[in-house]
Amino acid sequence: MDASISLFELGWQTYFQQQLSLDDLEAHKIARVCQVEPSNYALLSEQGLISLAIQSSQPKMTIGDWVIVNSDNQFVRKLDRSALFNQEQQLIASNMDTVLIVSALDDNFNIELIKRYLELVHDAEADAIVVLTKADLCDEAEVEVKRDMVQRLNPLLMIETVNSKSEASLDALKGFFKKGKTIAILGAPGAGKSRLVRSLIDLDNAHTNFNVAQDSLFRLPNGSVLLDSPALRELQANEAMSSVSGFEMVAKLAEKCRFNDCTHTNEPGCAVRKAIDEGELEEQRVQAFKRANFSYDDDSAARSKPHDKFHRSAHSDARARKHSLTE
Ligand SMILES: Nc1nc2c(ncn2[C@@H]2O[C@H](COP(=O)(O)OP(=O)(O)OP(=O)(O)O)[C@@H](O)[C@H]2O)c(=O)[nH]1
Ligand SMILES: [Mg+2]
Ligand SMILES: [Zn+2]
């Protein structure tokens with residue numbers, strides 16, 4: 001354990017500072033959950049690693065949470081969160097400022113999955129940056145088309161294109177990592193997440209991680225913190241799987257439609273409509289499939305109207321307030 005660790009290096013921000021009482025400042029310790037085990041939490045603090053037994057009297061906590069403990073390392077309280085990923089009552093990660101949504105530009109490019117990840121990030125009340133990887137595997141025109149497709153989801157969305165042949169493309173991203181920011185990553189298997197992290201982490205710096213078993217918090221350049229955990233990896237993989245399998249189902253049915261260019265709206269002999277009518281397929285899935293496949297030609301509605309939800313999210317008052325405190 002690195003003894004010289006400061007709260008700021010762990011991602012501490014004004015938003016949390018403002019929740020402290022005089023007692024906290026004089027007698028208590030501040031720590032951040034970096035690992036959740038079956039019977040205890042591992043907490044990182046300026047005083048080192050703390051093991052906190054999980055008790056039913058405590059609120060449920062997750063990786064990223066800030067916790068106040070007393071001088072005997074007993075739980076005092078959990079600080080309010082600035083962001084939270086949770087699914088079906090399961091807490092997955094908290095207090096991440098920015099989530100990188102990583103997607104490859106090659107044949108695995110999946111606009112529907114990017115959209116789904118954006119929804120998760122929006123619900124978590126964090127900011128999203130879409131990182132499109134493997135630009136070296138597509139020609140420039142294709143990169144532009146795919147990039148536009150993502151931008152259409154939200155005109156204010158930050159998008160960075162990177163490729164492993166040119167480290168220069170990472171500079172824009174690196175510039176974004178500010179001291180005290182906590183970053184998380186979402187992306188399908190093979191999207192290039194590990195490669196991205198490897199190129200972002202300062203390998204010359206021996207203190208890249210916080211030396212905790214099963215590291216969940218890593219140091220990024222400029223003093224930001226990368227939050228990673230098994231639960232987060234499970235979440236991103238599940239989303240990727242359901243997105244792909246849902247699409248495959250629609251694609252398989254579409255092969256059985258009478259017309260090759262069937263739009264699955266009202267054509268006779270449409271196998272997709274039949275499956276919907278018989279309750280075997282959700283209309284939503286089909287709409288998603290169409291958006292992902294035909295959005296250049298026949299989804300003009302989506303083109304002229306940015307996705308309401310993401311659009312709103314960019315202007316959310318609560319978030320504006322929260323972030324203005326941390327700047
Ligand atoms: N050509 C090219 N290959 C890349 C790029 N980024 C990643 N790759 C390759 O894609 C493969 C998968 O990359 P990873 O970084 O392991 O992907 P990941 O998202 O961490 O995958 P999982 O850990 O399985 O979820 C590796 O063979 C990388 O070398 C890129 O920009 N260009
Ligand atoms: Mg990986
Ligand atoms: Zn059809």
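## Overall architecture

The model is predicted, so local features need pLDDT of at least 70 and side-chain atom pairs count only at pLDDT 80 or more, whereas totals for chains, interfaces and linings use all residues. Residues are numbered from 1 along each chain as its sequence is written, chains are lettered from A and ligands numbered from 1 in the order in which they are written, and side-chain values use heavy atoms, with hydrogens and water left out.

Of the 327 residues, 49% count as buried, where buried means under 20% relative accessible area, exposed over 50% and partly exposed in between (1.4 Å probe, protein chains only). The accessible surface of the chain comes to about 16400 Å², and carbon and sulfur atoms account for 49% of it; such areas come from the Shrake-Rupley method with a 1.4 Å probe, and for residues only the protein chains shown count as cover. Among contacts (heavy atoms within 4.5 Å) that join residues at least 6 apart in sequence, 65% are between residues at least 24 apart.

## Nonpolar cores

The largest nonpolar core holds 52 residues, of which Phe-85, Met-96, Ile-114, Val-150 and Leu-186 touch the most other members. A nonpolar core is a set of buried Ala, Val, Leu, Ile, Met, Phe, Trp, Tyr and Cys residues joined through side-chain atoms within 4.5 Å. Helix 3 (residues 111-124) supplies the largest share of this core, eight residues. The core lies between domain 1 (7-78) and domain 2 (84-229), because both domains give residues to it; the domain bounds come from an automatic or database domain assignment.

Apart from this core lies another, of 18 residues, which includes Val-131, Ile-183, Ile-185 and Leu-196. Beyond four places in sequence, Met-96 touches Ala-83, Leu-84, Phe-85, Ala-124, Ala-126, Thr-182 and Ala-184.

## Surroundings of Asp-65

Asp-65 is placed in the loop between strand 3 (48-53) and strand 4 (66-69). Its relative accessible area is 0%, so Asp-65 is buried. The side chain of Asp-65 makes a polar contact with the side chain of Ser-94 at 2.7 Å, and a polar atom of the Asp-65 side chain lies 2.8 Å from the backbone nitrogen of Thr-62. A polar contact is a pair of N or O atoms within 3.5 Å; within protein, one must be able to donate a hydrogen and the other to accept it, and residues adjacent in sequence count only if both atoms are side-chain atoms.

Not counting residues up to four places away in sequence, Asp-65 touches Ala-31, Arg-32, Val-33, Lys-60, Lys-78, Arg-81, Ser-94 and Asn-95.

## Ligand 1

Ligand 1 is surrounded by 13 residues, and the closest are Asp-136, Gly-190, Lys-193, Ser-194 and Arg-195; a residue is near a molecule if one of its heavy atoms lies within 4 Å of it. From Lys-193, a polar side-chain atom lies 2.7 Å from an oxygen atom of ligand 1. Taken alone, ligand 1 exposes 650 Å², and the protein buries 64% of that.

Thr-98 belongs to strand 8 (residues 98-104) and counts as buried, because its relative accessibility is 1%. Leaving aside neighbours within four places in sequence, Thr-98 is in contact with Asp-127, Ile-129, Phe-176, Thr-182, Ile-183 and Ala-184.

Val-143 lies in helix 4 (residues 140-153) and is also buried, at 9% relative accessibility. Outside four places in sequence, Val-143 touches Leu-105, Ala-135, Cys-138 and Thr-161.

## Positive phi angles in loops

Asn-73 is not a glycine, yet it has a positive phi of about 60°. Asn-73 sits in the loop between strand 4 and strand 5 (75-78) and is partly exposed, with a relative accessible area of 24%.

Glu-125, likewise not a glycine, has a positive phi of about 65°. Glu-125 is found in the loop between helix 3 and strand 9 (127-133), and at 37% relative accessibility it counts as partly exposed.

Key. Helix = DSSP H or I, 4+ residues; strand = E, 2+ residues; numbered from the N terminus.
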